[in-house]
Amino acid sequence: MTTKLAKAQHAQYFQRFIHLLPNQLAIHDSIRLTIAFFALSGLDVLNSLDVLNEKKRTEAIEWIYQLQVSGAGPRSGFQGSTSISNDASRYQTGHLTMTYLGLASLLTLGDDLSRVDKKSIIEGVRACQNDDGSFTATLTGSESDMRFIYCACCISSILDDWSGIDKHKAIDYITKSISYDGGIGQGPGLESHGGSTFCAVASLFLMDELTKTLTEKQMNRLRYWCLMRQVGGFHGRPNKHEDTCYSFWVGATLQILGARHFTDATENRAYVLTTQDSVLGGLAKFDNSPPDPLHTYLGLCGLSLLGEPGLQGVNAALNISQSAFAQLEEIHKTWASD
Ligand SMILES: [Zn+2]
């Protein structure tokens, strides 16, 4: 078993995605920004963003701004790819996940967000909230659940403007989604899941409503539910196989709940490292399966939460590096003094 994190190989792995979308990922063109975020923030967590020179970083920033759909009223936000061209502007529409990842990627690249059309984007967020408090990803019809409440909270937190969210309704949706077993599902009556539990807890935390909303008993049941997800590495639901990404989803939830120190860090790290390709780079979901950008990024973030040497710290709630978060705090100070 490999016990050393193959940092240089993982940095190489991410660089392959910056300019090129590999063949097998071409079907994901419409969410190209997601892959860019994993690669950029992944390099950042590896303390290796400097492999991109100034010119490449500027090009990346320009590309992300091209994805911004601004001044489009409720359709404002970021879209996932430039394949939806400006010529077809009536088809352009923001997507909450892409807006969150666009803003997070700009922060990672050291941009000051000065060209972000904050007012339009918040209008776009507002338009996506449903009566039950949940959010849809886009105005053009999509699923609506906890994931998009989380993206709406990240956008509002980054833009330091909560006027696009009816917090009362969102909190109501979240509390109704707490399951009988103490975990949280994608919506009311749905099975508890590590991903939706993260989205719910991080949303409450970003809204500054976590301890005001949940009772101590609910918090303890959540901590217990999350701790029970460790089976060496972490899985997302009872009786499932451990999976690299839950070292972040569940690990970050426990970090926000102040209970990560109750986990077995050695076992968790050992599992994540069994999924790494130490020759070509990248981390996979399971050992003996092929690496992908999502599991590589979230695996590294999971290791970062454990204090892995050589990795940068991550902000658990926003899922960005500590330096990107520090950049955001500076931007907020500037906006406050405007
Ligand atoms: Zn996974």
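Begin by selecting Ile 158, which counts as buried because its relative accessibility is 0% (buried means under 20% relative accessible area, with a 1.4 Å probe and protein chains only). The model is predicted, so local features need pLDDT of at least 70 and side-chain atom pairs count only at pLDDT 80 or more, while totals for chains, interfaces and linings use all residues. Residues are numbered from 1 along each chain as its sequence is written, and side-chain values use heavy atoms, with hydrogens and water left out.

Ile 158 belongs to helix α6 (helices are DSSP runs of H or I with at least four residues, numbered from the N terminus). Next, display its contacts, meaning heavy atoms within 4.5 Å. Leaving aside residues up to four places away in sequence, Ile 158 touches Tyr 100, Leu 103, Ala 104, Leu 107, Leu 113, Leu 318, Leu 328, His 332 and Trp 335.

Now select helix α11 (residues 246-256) together with helix α13 (residues 293-305); they pack at an angle of about 35°, with axes 8 Å apart. Axes here are lines fitted to C-alpha atoms over the stretch in contact, and angles run from 0 to 180 degrees between N-to-C directions. In the contact, Ser 247, Phe 248, Trp 249, Gly 251, Ala 252 and Gln 255 of α11 meet Leu 298, Cys 301, Gly 302 and Leu 305 of α13.

On a 1 Å grid over the protein atoms alone, a pocket is an open set of points with protein on both sides within 12 Å along at least five of seven lines, a cavity is a set where a 1.4 Å probe fits but cannot get out, and lining residues have an atom within 4 Å of a point. Grid points are joined across faces, edges and corners, and a volume is the space filled by probe spheres set on the points. Of the 42 residues lining the largest pocket, Thr 34, Thr 97, Leu 101, Arg 147 and Leu 294 lie nearest its centre. Elements giving two or more residues to this lining are α2 (32-45), α4 (96-108), α6 (146-159), α8 (194-206), α11 and α13.

The largest cavity has a volume of about 60 Å³; select Ser 76, Gly 94, Leu 96, Gly 124 and Cys 128, the closest to its centre among 16 lining residues. The second largest cavity contains about 40 Å³ of space. Its lining consists of Phe 234, Ser 247, Gly 251, Arg 260, Thr 263, Asn 268, Gly 302, Leu 305 and Leu 306, and α11 and α13 each supply at least two of the residues.

Terms used
Buried means under 20% relative accessible area, exposed over 50%, partly exposed in between (1.4 Å probe, protein chains only).
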